[in-house]
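Please look over the sequence and the structure shown here before reading on.

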Amino acid sequence: MEPILVLNSTYEPLQVISWQRAVRMLFQDKVEVVEEYDVDGLELNFVRWAKHFPRNKGREKAAIMTQFVEKIHKMMATAARKRQRRQPLTLGVRIPESIEACWRAGVDIETWVKRGWIDYVVLCTWNNTDPNLPVREFTRFTKPAGVDTIVVMGNMIGCIYDGPPKILDRPIAMSAKHKSESYQAMLLTAAEARGAAANYYAAGADSISFWNVGIHFGGEATAAPEQRKRIADWTQAVITAGRVYQGPRTYRYLPMGKGISSRKPPLRNYPWYDEGFSPLGHKNSPVLTFSDDQLGKRQVFPFQMADGRDGKPLTGKLTCWVYHLNGKDQLTVDINGKLVAAEKIRRQAVGQRRGGLPGERLEISLADCPPFRGQNQLGLTLTKLSGQHKQPPYTEELEITVSHSP
């Protein structure tokens, strides 16, 4: 486990202790940190590495963790009284990115909040930014309880997968630490950050927290001047809900869980390494494969989008890539069950934005899309396959750009 860095009330490093020592102190009915030092509170990190119980035993063992958090809360209340503080000590928790992922880690966050133990929660992905983060799963109970809800954004928007397609249209927003032109090297742009943060704020988030952003201002290869500027641009673009609407927004949905199974032990020791899931056990955006047995069947790509949730028309473009699709294959597209007219869909070769795979890029003006509603579905139905395909067509990336209106 990682050490715990304790901060004093002026936010300066005070003491570094091990997780094991922290646990020993707690179960000896003493929290040395809050009793003997002038701290304002504690934050408990249940994300790194979120391996508190045997695999698949998280929900079954969650009561043990609940007792642990209750004991911390009571000790902190006692310490505040002894120190004659006017305000209680703050208790925050950093937790996995969905309710299901929390249960896998033995974290019964809803119970902790409803019992009044928690002052703020930080919803965490694993080192990246995911616009589909299910923030509403948490705000439905954190907001009524007056608990601040903070969402993590990382400097990466891609996933672990380093195979094709090649990403060819991001000259600056690609990692110098990753040699392949793959999803794994994709870094966040200001427009993408606005899109993701717009979703978080619309779902009730109070603020944004950053993950592993500061390391890029040190000696890393990613600390080049143009990268520092890109990071400064995107972090400044999301610090308030108002800021995210002061520029264009790009909602980019990628197969965040693709390739995770390649990192299973002994290579890495993530809490989870099931294909299609995050390292914390959250089910990510799908890869839709149009095999022969799927012919004529509607497949669904779910996506959240703050823009257009009121049904008003938007200016911009929807783009998705369908690899191994050719011009003679027939495909229908719908938004939330309403068909997009075929003549409004521009189909062209994958082109200069993505490489290394055959296929088509589908582009639709947002003015020609049926109304959006916040929680959306892109429906794709392959109705005819022409001849033989070396591989079944598939889609895994959706991009929606919304132009800024002054």
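What volume does the second largest pocket have? Its volume is about 670 Å³. A pocket is an open set of points, on a 1 Å grid over the protein atoms alone, where a 1.4 Å probe fits, with protein on both sides within 12 Å along at least five of seven lines. The volume is the space filled by probe spheres set on the points, which are joined across faces, edges and corners. This pocket is lined by 34 residues, and Trp 126, Asn 127, Met 156, His 178 and Tyr 270 are the closest to its centre; a lining residue has an atom within 4 Å of a point.

The model is predicted, so local features need pLDDT of at least 70 and side-chain atom pairs pLDDT 80 or more, while totals for chains, interfaces and linings use all residues. Residues are numbered from 1 along each chain as its sequence is written, and side-chain values use heavy atoms, without hydrogens and water.

Asn 132 sits in the loop that runs between strand S5 (120-124) and helix H6 (136-142); helices (H or I, at least four residues) and strands (E, at least two) are DSSP runs numbered from the N terminus. With a relative accessible area of 14%, Asn 132 is buried, a term for values under 20% with a 1.4 Å probe and protein chains only. Beyond residues up to four places away in sequence, Asn 132 touches Tyr 253, Ser 285, Pro 302, Phe 303 and Gln 304, where contact means heavy atoms within 4.5 Å.

Thr 139 belongs to helix H6 and is buried, at 7% relative accessible area.

Definitions and conventions
Buried means under 20% relative accessible area, exposed over 50%, partly exposed in between (1.4 Å probe, protein chains only).
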